[in-house]
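Here are a few notes from going through this one. Have the model open while you read, and start with the confidence before the details.

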Amino acid sequence: MFQLSLIHWNDFHARFEQTGWAGGSCPANDNSSCVGGVARVATAIKDLKARYPHSVFLNAGDVFQGTLWYTLFRWNATVRFMNMLPHDAMTLGNHEFDNGLEGIIPFMEQANFPIVVANIDDSEEPDFQGLYNKSIVIEREGRKIGIVGYLLNSTHGIARTVANVDRWMLGFKLRTACVSVQTIASTENLRFLGEVETVTREVSVLKEQGADIIIALSHCGLQADREVASVVPGLDIIVGGHSHTLLYNGTAPRNDTTGGTYPIVVHQDDGRQVLIVQAGANSKYLGHLLVHFDSLGEVVSWSGNPILMDQSIEPDPEIVAELEPFRLEVEQLGSMPIGRTRVRLSRPCSLGECSLGNMITDAMVEEYVALAPENAWTYAAIAMMNSGGIRAEISELNDGVILFNDLATAQPFQNTVDTLELEGHVLLQVIELSAARPFSSRSYLISDPEELTRDARVFSGYGFLQYSGIHVTYNISLPAGSRVQELSILCDECDIPEYQPLNLTKWYRIAMASFLAEGGDDFGIIPQNRRNHNMGKDQWRDVTCISGDCSHRSSAQNTFSVLSGRVDLDIFSEYIKKNSPIIHVDDNKSVKMKGIDVHGTDYRTSRARGHSDGFGDTRAKTPAHRYQSRGLPLEPRKPGSVFHKVQKRFSHEIPERLKKISTEKCPNFLNMVEYYFHNAVKVVEPTLLEETKKLNPKMCDGEITSRFNIIIEMMGKPDRFIEFYFPVKLDNGKFKMISGYRCQHSTHKLPTKGGLRYAPDVGVDEVKALASLMTFKCAAASVPYGGAKAGLTLDPKEFTVNELERITRRFAIELAKKGFLSPALDVPSPDVNTGSREMAWMADTYSKTIGANDINALGCVTGKPLNQGGINGRTGAAGRGLFFGTDVFINSEAWMSKLDLKTGWEDKTYIMQGFGNVGRHASINMSQAGATLIGVQRREGALYNKYGICPKELIKYIKEHGTMIGYPKAELYKGENVIYEKCDILAPCAIEKAITCENANKIQGKILLEGANGPITPAADKILQDKGILILPDLFINAGGVTVSYFEWLKNLNHVSFGRYNFKYEKDAHYHLLRSVEESLKDSLPGVKICPTMEFAKKIAYASEADIVDSGLHYSMEHTALALIHAAVKYNLCLDLRTAAYCMAIEKIFKVYDNAGLTI
């Protein structure tokens, strides 16, 4: 007798961490009921392997998709942790193809275990060939065991395509390549063959190879596995997946839903027994089956049960440690609160109508209310969602907080919400098909009476749709195809929405997930009969015209324009925010079933909200009446009408004078900043209006809109601007008139802050632009200053030092007299052609004149010499800040994988445009971290060396020679422009508008760091984003200087250097700790001496002021980077981190004005 220990799992779906009971987020306030996670599974496998050393461990597929882990890391993290488990074999699931072949091939290449699939024809996909086997033979204690894999032959219809949409949740672009709308398959040219035929053939092959025990590893679902088990000769065990079925003996933990005994036994015609096992999903259970075979390989007996992966199983510490860096990135995004719920938003939706499906489809309808034409209350009154696209419930636990991770787990597939039109008779067929099929791999309408009876008995909702705007009654006891008994549709072209009987000849506009619109889940009837298919509502693109309405078709290219954009998760997220807290959700608003209990549930229930019978009053409160009851602005637009287009509430537009900025080659700098500001206001407006309404509940909509508009107007214009003219006596006795400017853009926070520059081309617009940029930069970086800027129109090279001192001191007096220089009101700092010398002159002038009685007088400027109240670490702060901010993205696998780059600085090449204060110090830090400087551009020319330039050596050469021309370790660049060379990182740190629409297409760097102010024009910005280049904007990445200026100002106000209070105490504390450890070890290790390492000794000797400043700068830039990522996700801005930074800043400034009040 041979005993086989079989360990198995299926449908992991990226549950790397433990989850709540239903597969969603683990409640933060009570994780005692949390289950699963790859570390816990690893421990359970080790324990079983210790007891049964010859165990076989199998994976039945669908390891991809389902949580933010997959959204962020795709195959990278998946293969890494699957390789840490002792797999003997794995088959592929349909979700392994969700990102096309380019998403699965790297996984298969790097997997350290065999992948078995017998029913794939890869003859037209050479890249897929050789990465898997149809079957394998393994040995255990002298017995040969054959393992054959197979998956659904309809995988091409249920793999979630990303050919149309590859929108990444942390902010990457929507790819708009022209694609066919004929098929949705992301399996490309692979063909999937019939399961029974291919498995039968492969079992024969395994028998010829001497295998006397045959295990089929299936990803087809329980119903299909029953069919395979009943007819394939020689089969012993099927390890299944796909249907997420828990097979269990006895009462499952917490009365979990089960689909049969463990194992299910299928008897073939010749009397052979075939065992089928499956272990639920989401790493909640690990299956373990003990089977005894006789000498001929026949099943004799068996025992076992799935093991619950609960708190009694300790997570494997090695895997926990490996998970940690990934977990931090997931937590960073996933922990963002979206809203609250006081009720559970439940599934499984495949069993019928569910509350989560109702909310999702209601959100789809609400998405299109704002586009209502004049004769309608909405653009699309009907919505549909395939139940398989809803993957987890949303719990009311965790204090009712709904996190972004909850939504991403419930809706992980990133479909767009499209609209299309179906004629009434086709809509009826779609709704019939929704209730026509059992859960199997086949898509058919049953007509045979015997089959009909069986079908009714096993109906479990495969292909079942969730609805909004539809009322339907089914009778499941009737033949498939004739089960719809009553059907009414919510009108759209009406003043008061009401349910009306279906009109078979009318065309109905429907909102639905793009997966369903393209025929997913075997709803091919939809793309075959649709017209006017619009893919979302954001932007136009061309797709191939295959069927339906081709009225926009280009005769030359056989393409037509459609809209592409909004992702389902974004829409649902906004809906949750708008309707939070959720206090009631109806599970029975659209569907009524008669004639049979479905999975033991009686569906003879009313389902219309607010009505006792559900059908008696067709004016149900779904969805439009619900909008009105929740206070949305659906006000009358004409006599007798009760609805008003929501879009009228959100009306901010970019001023007409600025609209051309988005295409101009060389726009005015001030106009650039204003354009970016107004563009961001459009994005942030809905959120700010909602928050203003919450803070001022007694205000009417008109007052709120007026308040919002006036605050935005205040933010967009300078608070104060002054222009100076004063004479100065030169050393030769002559006089010269000097002109200067100071702009205080925003006094929402005091003092205002901004640099002083000396340049012959300084003008009004430049000063205003830089002042406004400083306002938003300080707000984005959480530095509590308003923005300001100053400039003197002069070339400092034309003046002597004495003349410059007189000019600077006179300017300081003029500023102070008019309230533009003071530690409490306005604090200048160095900028172009000014430095610590000029700041010392200004501080001295102020402290000896107008500020003579001000104890904080030295705080009137920053950037001073150390002996005049300056701070260690101020020099080079902007460059170090650039490095620290970039470091967050460089070490993020989520960001780097989307740029096809590895994490870390090693192997990164970079080019520096500008090698002044910012460029020099940024280069030193980047090269020390492992990156290679290959190009440098300054006024006198450019250097290039593909093998690397040492920044410190180049800095030394420039100091000695006054130029970099002649530097012996790099060539003088003779091409068009060194910034066009291929590199990983390009840092324009020199001038404004260095990259325009004329040269943006020549840029080859994958990451752009705006070390200068405004180095990229709006037109160029769009081109670069469309190329998939990541731009870290000036608003964020060059905030290092103002951050350390803030530290200097605090030092001046506190009148003590950083660390002076605690240097000695911390040093003594560290040494006391070492001595304590040494004392505790004396008994067990006599004579042991505990000494710090050289690095640690240096650390604890003292923390200098420069160390503390650097630490604070590092923290500030890192904190701002994470906040920027949150803003990009919150507003669905993809790669547009500039708009995200402006949104973040506008939110903060708006709240200051709004909370402080607008009048005195």
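1. A quick reminder first: pLDDT is the predictor's confidence in each residue, on a scale from 0 to 100. This is a predicted model, and the protein chain averages a pLDDT of 83. Of the residues, 85% score at least 70.

2. On to cavities: the count comes to seven of 30 Å³ or more. The largest cavity has a volume of about 90 Å³.

3. What lines that largest cavity? Its lining includes Met 336, Ile 338, Phe 404, Asp 570, Glu 574, Lys 577 and Asn 1132. Helix H14 (568-579) and helix H30 (1105-1130) are the elements that give two or more residues to this lining. H14 has the largest share, with five residues.

4. Seven strands make an open sheet with mixed pairing, ordered S36-S35-S34-S33-S37-S38-S39. Strand S36 (971-972) and strand S39 (1030-1032) are the edges, each pairing on one side only.

5. Within that sheet, look at strand S37 (residues 985-988) and strand S38 (residues 1007-1009): they run parallel and are joined by two bridges. Leu 986 has Leu 1008 in S38 as its bridge partner.

Note on methods:
Residues numbered from 1 in each chain as written. Predicted model: local features only at pLDDT ≥ 70, side-chain atom pairs only at ≥ 80, totals over all residues. Heavy atoms only, no water. 1 Å grid on protein atoms, 1.4 Å probe; cavity = no way out; pocket = protein on both sides within 12 Å on 5 of 7 lines; lining within 4 Å. Points joined across faces, edges and corners; volume = space filled by probe spheres on them. Helix = DSSP H or I, 4+ residues; strand = E, 2+ residues; numbered from the N terminus. Pairing = 2+ DSSP bridges.
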